[in-house]
Amino acid sequence: MTEAVEGHVTTEIVMLNPETVRGASNLTSQEFLAQLMSKLGGKNPEETGGFQEAPLAYDAVWALALALNKTVGPLKAKGRRLEDFNYNNKDITAEIYRALNTSSFEGVSGHVVFDAQGSRMAWTLIEQLQGGSYKKIGYYDMTKGNLSWYGNDRWIGSGPPADQTVVIQKFRYLSQKLFVSVSVFAGLGILMGIVCLTFNIYNSNVRYIQNSQPYLNNMTAVGCMMALAAVFPLGIDGLHVRNSQFPVVCQFRLWLLGLGFSLAYGSMFTKIWWVHTVFTKKDEKKDKRKHLEPWKLYATVGVLLVIDILSLMIWQIVDPLHITVEKFTKEAPKGDVDQLIEPLLQHCSSEKMNTWLGKTSLGLTLYFCILYILPVNAFPDFCMQSFH
């Protein structure tokens, strides 16, 4: 117990004025203490009940006496006397209370003054247990807001203990090992897309390549590479860029994914629709059935791309993406009971994020419906042959 309480701090009201000041009683605190001890007749003051509180009781009597003196004049003006006081007379009680509330004088316990609720606004003594005994380390005057600190406080450890649980905010970042691993796979995918694009361009004169609409194949490869390239800005967070640069990264992610999806799936949709158109015209001649103007294919991809660009531009202008800090449940670190860790996460967001994502999801759903559901339901033979 002795080891546990060593160094603790305690506060209590100052019961004896530390300064040598003569107050309303014309006594200093030391003179009052000497007279009190002489009245005890040689008894041990520490073992005498009420000894420490005696200065407060002495000043309380003086406060009451001065307040009663101040009520004589106002009561006389009203035709009243203090002798007429009883506990049912509210007028005399109000005058006494008003006089007490405005009391202010120097006493043997310090400056005597009361607050609006009638509580004594006294000095506060600050003590610390050092080596088994209390040492005065400071005073606080609440009437003036002054703190007198002696500077003789001693602490176990590097300094005083925390007066509250310290919350440390710590940002959580993407695992760099995971980011590098996924980036390597994305890089291999982009490299494969370049190989496919090069092969397609180099063999553009081959009949089989020409019949498969090489320009649409090129768009598909470019779109896939753009979607794979979005992995790099998606892995960039506050660990790599400053907060002022984060919105640029957010927009870069959005445009790469949006345009990459439009090019890749838009061109594939156009090819599937072209094959569907060719194989469903069974009543036409063979040479006419295979004929389809290329510009119509490119125009279809262009329309899908323009729609996506307009949507992204409206999103960026009306409700641009910005950095948002999300707070998670506080965690207690090991070995320190005075600290809590509050994890923070930075991500891209906008004011109406759910609305924009809903529109994007609707567009994706329409794409997949056109790509897969419509051909399978309407033309099962063609789809089964394609799957084989």
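Trainee: Is the crossing of helix 5 and helix 7 left-handed or right-handed?
Mentor: Bear in mind that this is a predicted model. Helix 5 covers residues 176-202 and helix 7 covers residues 214-229, and their axes come within 9 Å of each other. The crossing of these two helices is left-handed.

Trainee: How does helix 5 run relative to helix 7, roughly parallel or roughly antiparallel?
Mentor: The axes of helix 5 and helix 7 cross at roughly 165°. Angles over 145 degrees count as roughly antiparallel. Helix 5 is therefore, relative to helix 7, roughly antiparallel.

Trainee: By class, how many charged residues are in the contact of helix 5 with helix 7?
Mentor: Helix 5 contributes residues including Ala 186, Gly 189, Ile 190 and Leu 197, while helix 7 contributes, among them, Pro 214, Asn 217, Ala 221 and Met 225. Sorted by class, the contact has eleven nonpolar and five polar residues. The number of charged residues is given as no charged residues.

Trainee: How far apart do the end C-alpha atoms of residues 295-318 lie?
Mentor: Residues 295-318 are also among the spans that the unreviewed UniProt entry gives as "transmembrane region". In the model this span is 100% helix and 0% strand. Its end C-alpha atoms lie apart by 34 Å.

Trainee: How does helix 7 run relative to helix 9, roughly parallel or roughly antiparallel?
Mentor: Helix 9 covers residues 246-280, and its axis is 7 Å from that of helix 7. The two pack at an angle of about 150°. Angles over 145 degrees count as roughly antiparallel, so helix 7 is, relative to helix 9, roughly antiparallel.

Trainee: By class, how many nonpolar residues does the contact of helix 7 with helix 9 have?
Mentor: From helix 7 come residues including Leu 216, Met 219 and Val 222, and these meet residues of helix 9, among them Leu 256, Gly 260 and Lys 271. The contact has six polar residues and one charged residue. The nonpolar count is 13.

Trainee: In the open sheet of three strands, which strands stand at the edges?
Mentor: The strand order is 7-9-8, with mixed pairing. The edge strands each have a single partner strand, so one side of each is left without a neighbour in the sheet. They are strand 7 (166-171) and strand 8 (322-327).

Trainee: In strand 9, which residue is the bridge partner of Ile 168?
Mentor: Strand 7 pairs with strand 9 (residues 339-349) in the parallel sense, over six bridges. For Ile 168, the bridge partner in strand 9 is Ile 341.

Trainee: Which strands of that sheet does helix 9 touch?
Mentor: Helix 9 packs on the sheet, and its direction makes about 50° with that of strand 9. The strands touched by helix 9 are strand 8 and strand 9.

Trainee: In strand 6, what is the bridge partner of Tyr 140?
Mentor: There is also an open sheet of four strands, in the order 1-4-5-6, with antiparallel pairing. Strand 6 (146-149) is one of its edge strands. Four bridges join strand 5 (residues 133-141) to strand 6. The bridge partner of Tyr 140 is Leu 147.

How values were computed: Residues are numbered from 1 along each chain as its sequence is written. This is a predicted model: local features need pLDDT of at least 70, side-chain atom pairs count only at pLDDT 80 or more; totals for chains, interfaces and linings use all residues. Side-chain values use heavy atoms; hydrogens and water are left out. Two strands pair if DSSP finds at least two bridges between them. Axes are lines fitted to C-alpha atoms, for helices over the stretch in contact, and angles run from 0 to 180 degrees between N-to-C directions. Angles under 35 degrees count as roughly parallel, over 145 as roughly antiparallel, 65 to 115 as roughly perpendicular and the rest as oblique. A crossing is left-handed if the near helix is turned anticlockwise from the far one by less than a right angle, and right-handed if clockwise. Contact means heavy atoms within 4.5 Å. Ala, Val, Leu, Ile, Met, Phe, Trp, Tyr, Cys and Pro count as nonpolar, Asp, Glu, Lys and Arg as charged, and the others, Gly among them, as polar. UniProt positions are given in the numbering used here, feature names are shortened, and annotations may be inferred rather than shown by experiment.
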